[in-house]
Structure formats: structure tokens, C-alpha cells
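Thanks for coming. I have one structure to go through today, so let me put it on the screen.

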There are 2 protein chains.
Amino acid sequence: MSTAANNLFRELSISCSNCSLGDLCIPHGLNQQDIDRLDDSVSHTKLLYSGDLLYRQSAPFESLYALKSGSVKITTLNQEASEDIMGVYLPGEIIGFDGLAEGHYQCSIEALETSSICEINLDKLQAAIPTIYKQLLKHASKAINNSNHNTSTGKVSAEKRIIAFILDLAERYRASGYIFTEFNFFLSRSEMGNFLNLSPETVSRGIRKLEREQLISLQSRRRIKINDIDGLKKLLSHP
Amino acid sequence: MSTAANNLFRELSISCSNCSLGDLCIPHGLNQQDIDRLDDSVSHTKLLYSGDLLYRQSAPFESLYALKSGSVKITTLNQEASEDIMGVYLPGEIIGFDGLAEGHYQCSIEALETSSICEINLDKLQAAIPTIYKQLLKHASKAINNSNHNTSTGKVSAEKRIIAFILDLAERYRASGYIFTEFNFFLSRSEMGNFLNLSPETVSRGIRKLEREQLISLQSRRRIKINDIDGLKKLLSHP
DNA sequence: CGTTACGTTGATAGGAATCAATGAGGGTGG
DNA sequence: CCACCCTCATTGATTCCTATCAACGTAACG
């Protein structure tokens, strides 16, 4: 590891008591004593670079993870052995629930950019702070609701699906305290199409249409600026 | 309450130590002492009849529930204030995770037939058996995987979606130890279409096509017999 | 035994996939 | 530093699948 990388790693390898996740961290709401005990329960930060895998489908379940910064995609192999994109994770979200039920991961996680990820050892965590499981259940619940929501957005037109995707990302960036009117997709048109169940061409057409209508601007092919978030919401709800 | 109904209720209001859920029950794997303590943690069986609601969307979260027998559907209201069907629950499955994250339910649960449902008081349960949360997390994880799976099956043709739906039900009946080659849908063609993101007509055509191909038989309009489960799986994987 | 809701079947139209070709960006090596 | 390449994105033309519209059949209910 280079010195620069090593320094970066050390910088990111902070204790729970001053983790950048803030309100989003699982232990949020605990007292200082509990938080201090957390430092033994999690192995702190891993640093992943674009293309790196956090875990691979069918690998034995080891840990849950909290995404501290960056973004990753969650994929699964379909019958034809090609990738289906199940979604993306943004900072503050918990990764790894897909491995709990069966004891091995049902999906793979791949970094879309440089990302720092906090590993959570469930057993140690539960021993340290028994009440933490409730918080974890809430995160799982959120994942279920989100996934259900994706299922139901499959029931609308291509353009609405694209708008829903953009608004979902914006909302989740907002929830994490990030700038939410301007962000990178980190996904190609093909990957977006795969996720939204649309062809890459249809995704492209949909995005360019929103651009022509001045609702969004493309700062680059994968970076969006939302000009009229209410306009987008309006398109989503009515016509 | 009528005497007959009262008797039925009492009959169903059994203790955890002889609950019919068996292996599927959350406390499975606990020792007898723990199981006995469970009797205070759950309020045992509720009996719902077809059309009855277990809970309504946006109601405050109160409990998780285990479905002991029968079947229910989980629905949410879309922008147009009509019902979107998110799925059905079968015996052995846990209901209510949609309410945990936000503190109020995101969906409604409606019985599709006479169903008995075990209420789980989370706080009491956790106090009685601290390690139970892990089991709950596994159930939540299963729900996430299932939901993800539904998302990805949205990416295929109408016929495959219908086959996937049938096979999913069969597999879940099998997992619960039920007969799985012959069962009721409990959903109308419209409801199936809503769930699968297909029109009722397309659902009907798909089902009749499978019937013509002898892969299934319709014992009545809502009762199916699977004649060739491998044939169905084959259709799902390749052409 | 009629009423009513649901299911089936056929004909048509529309939206997105696919096929095809061009354009743009990013990286590499000369 | 520039030209080339290679991948991704865009745009257009066509095809195909499924929604929709329409009509008829069928089962459950009072």
C-alpha cells in the first residue's frame, strides 16, 4: 500500500464515536458508553475502489456493512448468468441483509466509486449492545419498503420509471445530508436500463426528453442536475 | 361472539409450545424454558376472515405477526388511490416489517381466506429471549430477498412472470410442508395482473396457454394443479 | 333464475425492444 | 500532444409484445 493510500486508510479508520455517518449510524441514539463499546464490535473502515467487490454472490455470510461514503451496486446472476442490477446503495445505508436468511449472500456488491465501508460483526455487536438489534431491524424494514416500492414502480411507463429513479436517488442523497439536486449516476445507460427494466436506448431517450423539457440538465453523461424537482414529481403523479 | 366461534377461537389460542407453525416459528431452536417464556411475549392467535384487515396502511406500528394458517395479501395505495398488490403471505411467514422503519405501516394486510395469525410483541419478546432478534432478522432478510426477486422477475415476458408466480407459490407451500402441486390462488386474474404488472387478459391468456400445454390443470378458475413442475422451470430458464 | 362480477377470447393500437447507424468521450500508444 | 481505438450514448426505423377495447361465456349469489 502506498504511503498516500495508507494515510487515507488511517484517516478513514476512525472510531465509532466520531464516525461521519452521524445520525444514520446504527448506534445513533446510544449513550457515549455504548458507543465506546461499539469500537470492538465493528472492524471499522474498508476502502474499496471502483470495480472492487465487497462480497460475491453465494459467499458465506460474514457481516453486515454500513456504507460510509461512496456508492455500490447490488447485483445478482440471472438464469442466463448475466447480471441483474437490484439497486444501488448510498451513504448511510446498510448492506448485507441478503446474506442473513440463507447464511450465504444472494447478491454481489461492487463499488461504483471509491467507497468506505464499515464492517459490522453481528455477534460482537449484539453482545456489546443487546438493544441494537431493533435498530438493525429498522434498517431491514427500510430495505423491504424500498424494494417493495421498486416492485410497484415497475408498473408504470418508461418515462415515469426514469423519473422515479432520479427522484429516489435525490431523496436518498437528501436523507443523508448530501447535495441532492446535482449528483452522479455512476451507472451506465445499460445498467440503469437493467435496473429499471428498460433498454439502454429507452433510458437515453427518456433522459434526453427530460433535458429538452428543462426539468434536468446533464453536466456530463453520467452527472445530472435537477432543475425542477416539483415538475418531476408532478409528471410522476399525474399524466 | 357465537359459541361456535368462541370455541374455535379457544382452540386456536394455543400456547407456543404446541403451535402448529413448527419449524417455521420464530422460536424454533429454543429450549423448552425459552419457549414457555414466549407465551407471555405474544398474544397468540387472531382469527381473520376473507376480506378482514389485519392492519391498514399508515396505522401506527404495533406488532409483527406470524401467519399460522390461511393467506393474506399485502397492498399499498398508489398515486391514483387504487390498490397495488405487493404480494401474498403464506403460512410460516412474518408480516409487519413494513411498519418498523417509519413507525407506521406502509401497507395494508387483508385476509384472502380464513386465516389465523399470531401477534408478536417485539419488546416483550426481546425482553424474554434476547437472542430472538437474530431469527427475526433472518425473516426480514428473507423478505428482502423475496422482494428483490420479484423486482428482477419483472424483467421478463408475461408468460415467464406468470410461471415464476406459480413456481414461487409452489416453492413457498413446499417450504411450509404443504401440498405444493395443487393449491388455490385466492387472487382474481385482475389481482394477479396487478401484482405481476400485467393486464387481467394477459394473465388469463398465459394461464390458459399453460393449461393447453398440459403443464398445469385448472381444477377451478382459482385452483391450480401443477402437472409438470420441471417443464415449468425449464420454460422459465431458457427460451 | 336472473343478476352481477369475473373470466375468456378476439381484434386493434400503442409503447418499448430491437436492429442499425452515427456521434461523443476517455484512454492509450505512437 | 495528437490520433486512434473502444466503449458508451444517441438517434432513427422497424418489429413485437402486451394493453386496451369489445364481446361473449361462466360461475356464484341472492
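In which hand does H5(A) pass H8(A)? The crossing of H5(A) over H8(A) is left-handed. The residues on the two sides of that contact are Lys160(A), Ile163(A), Ala164(A), Ile166(A), Leu167(A) and Ala170(A) from H5(A), against Ile229(A), Leu232(A), Lys233(A), Leu235(A) and Leu236(A) from H8(A). Sorted by class, that contact of H5(A) with H8(A) has nine nonpolar residues, two charged ones and no polar ones.

Before going further, a caveat: this is a predicted model. Every value I quote is computed from that model.

Now the geometry behind that crossing. Two packed helices are described by the angle between their axes and the distance between the axes. In chain A, helix H5 covers residues 158-175 and helix H8 covers residues 229-237; they pack at about 135°, and their axes are 9 Å apart. That makes the pair H5(A) and H8(A) oblique.

Next, the counterpart in chain B. Helix H5 (residues 158-175) and helix H8 (residues 229-237) of chain B cross at roughly 135°, with axes that come within 9 Å. H5(B) and H8(B) are therefore oblique to each other. The way H5(B) passes H8(B) is a left-handed crossing. On the H5(B) side the contact uses Lys160(B), Ile163(B), Ala164(B), Ile166(B), Leu167(B) and Ala170(B), and these meet Ile229(B), Leu232(B), Lys233(B), Leu235(B) and Leu236(B) in H8(B). The contact of H5(B) with H8(B) divides into nine nonpolar, no polar and two charged residues.

H5(B) has another partner in its own chain. How do H5(B) and H7(B) cross, and at what angle? Their axes come within 9 Å and cross at roughly 70°. That makes H5(B) roughly perpendicular to H7(B). In this contact Ala158(B), Glu159(B) and Ile162(B) of H5(B) meet Thr202(B), Val203(B), Gly206(B), Ile207(B) and Lys209(B) of H7(B). By class, the contact of H5(B) with H7(B) has four nonpolar, two polar and two charged residues.

On to how the two chains relate. Chain A can be laid on chain B by a turn of 180° and a shift of 0.0 Å along the axis, and the RMSD is 0.1 Å. That is the relation of a two-fold axis.

How many residues does each chain put into the contact? Chain A gives 30 residues and chain B gives 30 residues. On the side of chain A that touches chain B, the elements giving two or more residues are strand S5 (83-89) and helix H4 (132-153) of chain A. H4(A) gives the most to that side, with 15 residues. The side of chain A that touches chain B has eleven nonpolar, 14 polar and five charged residues. As for which surfaces are used, 100% of the interface residues of chain A are also interface residues in chain B, so the copies meet through the same surface.

Which residues are closest to DNA strand C? Of the 18 residues that surround DNA strand C, the closest are Ser157(A), Ser199(A), Thr202(A), Ser188(B) and Ser204(B). Helix H7 (200-212) of chain A, and helix H6 (189-196) and helix H7 (200-212) of chain B, each supply at least two residues of the surface near DNA strand C. The largest share of that surface is six residues, from H7(B). The surface near DNA strand C divides into four nonpolar, seven polar and seven charged residues.

Then DNA strand D. There are 19 residues around DNA strand D, and Ser188(A), Arg189(A), Ser204(A), Ser157(B) and Thr202(B) come nearest. The elements that give two or more residues to the surface near DNA strand D are helix H6 (189-196) and H7 of chain A, together with H7 of chain B. H7(A) gives the most to this surface, with six residues. By class, the surface near DNA strand D has four nonpolar, eight polar and seven charged residues.

That is what I have. I can take questions now.

Definitions and conventions:
Residues are numbered from 1 along each chain as its sequence is written. Chains are lettered from A and ligands numbered from 1 in the order in which they are written. This is a predicted model: local features need pLDDT of at least 70, side-chain atom pairs count only at pLDDT 80 or more; totals for chains, interfaces and linings use all residues. Copies are superposed by least squares on the C-alpha atoms of residues with pLDDT of at least 70 in both. Two residues are in contact if their C-beta atoms, placed from the backbone, lie within 7 Å. Axes are lines fitted to C-alpha atoms, for helices over the stretch in contact, and angles run from 0 to 180 degrees between N-to-C directions. Helices (H or I, at least four residues) and strands (E, at least two) are DSSP runs, numbered from the N terminus. Angles under 35 degrees count as roughly parallel, over 145 as roughly antiparallel, 65 to 115 as roughly perpendicular and the rest as oblique. A crossing is left-handed if the near helix is turned anticlockwise from the far one by less than a right angle, and right-handed if clockwise. Ala, Val, Leu, Ile, Met, Phe, Trp, Tyr, Cys and Pro count as nonpolar, Asp, Glu, Lys and Arg as charged, and the others, Gly among them, as polar. A residue is near a molecule or strand if its C-beta atom, placed from the backbone, lies within 6 Å of it.
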